[in-house]
Amino acid sequence: MTDPRTTVIVITRNRSDDLLHTLDRLAELPEKPPVVVVDNGSTDGTASAVRRHPLAPRLIPLDHNAGAVGRNLAARVAATPYLAFCDDDSWWEPGALAGAADLLDAYGRLGAVTARIMVHPHPDAPEAGAASGAGPGEPVEDPIVQELRHSPLPAPSWLPGPALGSFLAAATVLRADAFRAAGGFSPRLVLGGEEELLAADLAADGWWLVYADRLTVHHRASPHRDATLRRRQGIRNTLWFTWLRRPLPAAVRRTRVLASTVPRDAVSVRAFAEAAGGLPWVLRERRPLPREVESRLRLLEAPQRESTARRYCG
């Protein structure tokens, strides 16, 4: 089985071993999708390793770290109607890309399909599997999946699964035209919860996002990451999204919740300071969401507060 409908887009930076493992898995897919790798200024020989890999993905080497914007660059050269995002430590299960494309083919107002996520212990951090209650090398379902599966959002009768208010990039296939029309990922946010702004803009454009339980993506979380930086950027980006798109009462409410729940340390202080520093451009670019989209986001506020899978830690 081959399937030419979906391009897989991978962004990476200084995680060559993880990336090669992912490319090995993508090479095994029966769909044989075209693959584009964006190297965000790696200094560990990633670009050379990609050029030598038998999969022969298209490589876009950058001399700097563009973060999630690397996906935008790959989307410009993709010729398929659908885009499947993939991190350098994740990969799609055989048949999942075809299944997502089938859904997008069948439902013209569907903008994105998010798959179930199975987490594998990383060989450099074998304790991860045991901490999740799994045996050695045994994958477990990511805790966020329960929240996706039981999304509280109302959905139109035609939607083939639970409606979502956002998505996880490494587990999602998007309609390419919708992605481009919405502007892709914001260059302001770099990485860390960057999906929330794009998801809201897709919804404002009339697209629906869905969770598909029968499709699976695998994640072998790399320990080679700066968790502190990711937390700082995640808090900052949440605040920026909130003030860019939410009405004033909701923005104030969410800011207060964040201030009362994030760790009380220097990382959180710096995140709030960076968010405040961006206030001039946020106010210039502020565009509150349509009422129907805002009403959906309001329904997610309580689940977000109670979530054990969305904590800002690290």
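At roughly what angle do the axes of helix α9 and helix α11 cross? The axes of α9 (residues 227-245) and α11 (residues 266-277) cross at roughly 40 degrees and come within 8 Å. Axes here are lines fitted to C-alpha atoms over the stretch in contact, with angles from 0 to 180 degrees between N-to-C directions.

A quick note on the model: it's predicted, so local features need pLDDT of at least 70 and side-chain atom pairs count only at pLDDT 80 or more, while totals for chains, interfaces and linings use all residues. Residues are numbered from 1 along each chain as its sequence is written, and side-chain values use heavy atoms, with hydrogens and water left out.

On the α9 side, the contact (heavy atoms within 4.5 Å) includes I235, L239 and W240, and on the α11 side it includes V267, A271 and F272. By type, the contact residues split into seven nonpolar, two polar and five charged.

Now for strand β4 (residues 82-87). Five of its six residues are buried, so β4 is largely enclosed by the rest of the structure (buried means under 20% relative accessible area with a 1.4 Å probe, protein chains only). Its pairings, each needing at least two DSSP bridges, look like this:

| Strand pair | Sense | Bridges |
|---|---|---|
| β1 (residues 6-12) and β4 | parallel | six |
| β4 and β8 (residues 172-175) | antiparallel | three |

V10 has C86 of β4 as its bridge partner, and Y82 has R175 of β8.

Key:
Buried means under 20% relative accessible area, exposed over 50%, partly exposed in between (1.4 Å probe, protein chains only). Helices (H or I, at least four residues) and strands (E, at least two) are DSSP runs, numbered from the N terminus. Ala, Val, Leu, Ile, Met, Phe, Trp, Tyr, Cys and Pro count as nonpolar, Asp, Glu, Lys and Arg as charged, and the others, Gly among them, as polar.
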